[in-house]
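I opened this notebook to keep track of what I looked up in one chain, entry by entry. The sequence and the structure come before the entries.

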Amino acid sequence: ERRIMASASLIKLNKAKATETTIQRFSGWMSSLPAVKEVREETDYREEAVRIAKPFKQLPFDERRVAIDQSHKLVANLNQIVAYDCGAIGAYWHSHWRELNYDYREKHKELDQKFFLIRNSQAMREGLVKKGGHEYLEDLPAQPGEEVFCRCYYEYIYRLNRVPDECLTEKGREFVEAKRAI
C-alpha cells in the first residue's frame with residue numbers, strides 16, 4: 001500500500017511534466033520523419049527504434065516508470081476505443097500474475113481468463129447474446145491498465161464462436177451453427 005501511495009503521488013506530481021516532455025519528443029520525432037517512400041527504401045527500422053528509445057533510457061528511473069505506466073494506460077484506452085467502434089461483443093481479462101517477479105494484484109489474478117460482455121453491443125442488440133451469468137465489462141470497478149503499474153489487458157472478442165456458450169441465445173447458437181455449416 002505504501003508503494004501504491006508513493007507511486008500515485010509520483011504520478012500526480014510528474015504527470016503533467018512527463019506528458020509535456022513525451023509530447024514534445026513525439027512532435028520532434030514526427031516532424032523529422034522523411035516521406036513514406038524514403039522511409040521504406042532507406043530506413044533501417046532497428047536503428048530507428050534504438051534512436052527513438054534512447055531519450056527514454058536516459059530518463060531517471062522514476063520518470064521512466066511513469067512513462068511506461070502512462071503508455072500502458074494509453075494503449076488500454078486506445079484498444080477499448082477501437083474495440084467498441086469495431087463491434088466487439090465482449091472481452092477476456094488477461095493478467096500477468098504468472099510472470100516471474102511481477103507484483104500482481106490478487107483481484108486481477110482472480111479475473112484472469114474471465115469473460116465479460118460489452119453492454120449494448122451489436123450482438124446484444126440483435127438478440128444473439130445474453131448476460132448468461134457473466135458480468136458487463138463496464139461494471140468492473142477498474143479496467144486493465146487503469147491502476148498504477150497494472151499491465152493487465154483485455155482480449156476483445158468479435159466473433160460469436162469465441163463467446164462462452166452460456167452467453168449465446170438460441171438465435172446466437174443457430175447463427176454459429178449456420179456459419180459452421182458453411
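The entries below go from the whole chain to its strands, cores, rings and loops.

**Entry 1, ground rules.** I am working on a predicted model, in which local features need pLDDT of at least 70 and side-chain atom pairs count only at pLDDT 80 or more, while totals for chains, interfaces and linings use all residues. Residues are numbered from 1 along each chain as its sequence is written, and side-chain values use heavy atoms, with hydrogens and water left out.

I took helices (H or I, at least four residues) and strands (E, at least two) as DSSP runs, numbered from the N terminus. On that basis I find 7 helices and 3 strands in the chain, and along the sequence they follow the pattern α-α-α-α-β-α-β-α-β-α. For burial I used relative accessible area, with buried under 20%, exposed over 50% and partly exposed in between (1.4 Å probe, protein chains only); 30% of the 182 residues of the chain count as buried. With contact taken as heavy atoms within 4.5 Å, residues 24 or more positions apart account for 66% of the contacts with a separation of 6 or more.

I asked how many of the residues of β1 are buried. The count is 5 of 5, and the strand is mostly covered. Gly90, Tyr92 and His94 point one way from β1, whereas Ala91 and Trp93 point the other way. I noted beside this that side chains in a regular strand alternate between the two faces of the sheet.

I then looked up the partners of β1, counting two strands as paired if DSSP finds at least two bridges between them. β1 runs antiparallel to β2, to which 3 bridges join it, and Tyr92 stands opposite Phe115 there. With β3 (residues 153–157) β1 also pairs in the antiparallel sense, over 5 bridges, and on that side Trp93 stands opposite Tyr154.

Phe115, in strand β2, is buried because its relative accessible area is 3%. Leaving aside neighbours within four places in sequence, the contacts of Phe115 include Gly90, Ala91, His134, Ile157 and Val163.

I defined a nonpolar core as a set of buried Ala, Val, Leu, Ile, Met, Phe, Trp, Tyr and Cys residues joined through side-chain atoms within 4.5 Å. Which members touch the most others in the largest core? Among its 15 residues they are Ile89, Phe115, Leu117, Val129, Leu160 and Val163. β2 and α6 each supply at least two residues of this core. A second, separate core has 13 residues, among them Ala91, Leu140, Tyr154 and Tyr156.

I paired rings of Phe, Tyr and Trp (its six-membered ring) if their centres lie within 6.5 Å, calling planes under 30 degrees apart stacked, over 60 edge-to-face and the rest tilted. The search of the whole structure gives 4 aromatic pairs. One of them joins Trp97 and Tyr104 edge-to-face, at 6.3 Å centre to centre and 70 degrees between the planes. Trp97 is partly exposed because its relative accessible area is 26%, and Tyr104, at 29%, also counts as partly exposed. Elsewhere I find Trp93, Tyr154 and Tyr156 linked into a cluster by ring pairs.

I also searched for charges over rings (NZ of Lys or CZ of Arg within 6 Å of the ring centre and within 35 degrees of the ring normal). Lys109 lies over the face of Trp97, at 4.3 Å from the ring centre.

Apart from neighbours within four places in sequence, it is in contact with Trp93, Ser95, Glu147, Cys150 and Cys152.

I noted a positive phi of about 65 degrees at Asn101, which is not a glycine. Asn101 lies in the loop between β1 (90–94) and α5 (106–111), and I list it as exposed because its relative accessible area is 76%. Asn120, likewise not a glycine, has a positive phi of about 60 degrees and lies in the loop between β2 (115–117) and α6 (122–125).
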